[in-house]
Amino acid sequence: MNTDIARIAEALDRSARGAEPLAQFSGTTPFSLDDAYLIQRASMQRRYADGEHCIGIKLGFTSRAKMEQMGVDSLIWGWLSNTMVEEDGGLVDLARYIHPRVEPEVCFLTRRAIDRPLTLLEVADYVEAVAPALEIIDSRYQAFKFSLEDVVADNCSSAGLTVGPWSRNFSGLDNAGVVLRLDGRMAQASSTAAILGNPLRSLVQASRLLHGAELELPAGSLVMAGAASAAVALHPGMHVSVEVQGLGQSSFSVRRDNGGVGHE
């Protein structure tokens, strides 16, 4: 393995485990997007070696506006592990994060292995269920600032997630209302249409990305389809919930005694 790839992967893994921010790498050790994905994979392999296991993938840049902002024409993606799952309706301890933010999403559960590029017409046959979800993103970089290559190397800021009740109701998923509430008050109102016009298109894109990386996603995997609206910073004592029309809700509360959050 390239020395820089191994070194950066180790540093990112150490940062995530210790909840300590580090400086962006792209300014001092430039690397390509392909290298960024190698770093991402090497960092996750360190987790797997310590007993974690992969449970699926998450997608980023699923809105056209975000793609244009970052100057890219494709989604980015990262891995989800079992230790990232927070209890739906439970308490989240911010001490395990650096500067966490939350995004409202939908999550898919696959019923067949995604082992080739799929079309939108095919993709429903590969999905077992869909659920409302919340993703906690947490860049390991100082001030939550990074280049495209930096964020991909950092596993696309993957950190935590909650998943609500599973449903087989896929009707209306292309334009279902999404409401994010903070302490019971509406903070954002959006639509699943913000996720590539239809969250199922995220699965299509995921199948292509996996195929390009010569990987497949096993049946029973989670796929976080991407944010329906902007991320919101988390604070001690906060209650967060998302309601997706036709699917239900997912929620969590943040512990009030989070002295460890904010490691800047």
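Predicted model: local features only at pLDDT ≥ 70, side-chain atom pairs only at ≥ 80, totals over all residues.

User: Which of its residues are buried?

Analyst: The buried ones in α2 are A36, Y37, I39, Q40, A42, S43, M44 and R47. Buried means under 20% relative accessible area, exposed means over 50%, and partly exposed is in between (1.4 Å probe, protein chains only).

User: Why would residues three or four places apart point the same way?

Analyst: An α-helix has 3.6 residues a turn, so residues at that spacing point the same way.

User: What do the buried residues of α2 pack against?

Analyst: They pack against α1 (3–18), β2 (76–81) and α5 (148–153).

User: Switching to strands. What is the order in the open sheet?

Analyst: Five strands form it, in the order β3-β12-β11-β7-β8, and the pairing is mixed. β3 (91–92) and β8 (185–191) stand at the edges with a single partner strand each, so one side of each has no neighbour in the sheet. Two strands pair if DSSP finds at least two bridges between them.

User: How many bridges join β11 to β7 and to β12?

Analyst: Five bridges join β7 (residues 177–182) to β11 (residues 239–244), and these run antiparallel. Six bridges join β11 to β12 (residues 248–254), also antiparallel.

User: Which residues stand opposite each other there?

Analyst: V178 stands opposite V244 in β11. H239 is opposite S253 in β12, and S241 has S251 in β12 as its bridge partner.

User: What lies between β11 and β12?

Analyst: The two form a hairpin with three residues between them, and G246 in the turn has a positive phi of about 85°.

User: Which residues other than glycine have a positive phi?

Analyst: N155 is one of them, at about 55°, and E214 is another, near 60°. N155 lies in the loop between α5 and β6 (158–163), while E214 lies in the loop between α6 (200–212) and β9 (222–224).

User: Is E214 buried or exposed, and is N155 buried or exposed?

Analyst: E214 is exposed, with a relative accessible area of 74%. N155 is buried, at 5%.

User: Now the core. How many residues are in the largest nonpolar core?

Analyst: That core has 78 residues, and those with the most contacts inside it are I57, F108, L234, V240 and F252. A nonpolar core is a set of buried Ala, Val, Leu, Ile, Met, Phe, Trp, Tyr and Cys residues joined through side-chain atoms within 4.5 Å.

User: What is L234 in contact with?

Analyst: Neighbours within four places in sequence aside, L234 is in contact with L94, P100, R101, V102, I136, V240, F252 and V254. Contact means heavy atoms within 4.5 Å.

User: And where is V102?

Analyst: V102 is in strand β4 (residues 101–110). V102 counts as buried at 0% relative accessibility.

User: How many disulfides are there?

Analyst: A search of the whole structure finds zero. A disulfide is a pair of cysteine sulfur atoms within 2.5 Å. For C107, the nearest cysteine sulfur is that of C54, 12 Å away. For C156, the closest is also in C54, at 13 Å, too far for a bond.

User: Last one: what does the side chain of E86 make a polar contact with?

Analyst: With the side chain of R96, at 3.1 Å. A polar contact is a pair of N or O atoms within 3.5 Å; within protein, one must be able to donate a hydrogen and the other to accept it, and residues adjacent in sequence count only if both atoms are side-chain atoms. E86 is in the loop between β2 and β3, and is buried with a relative accessible area of 10%.

Methods: Residues numbered from 1 in each chain as written. Heavy atoms only, no water. Helix = DSSP H or I, 4+ residues; strand = E, 2+ residues; numbered from the N terminus.
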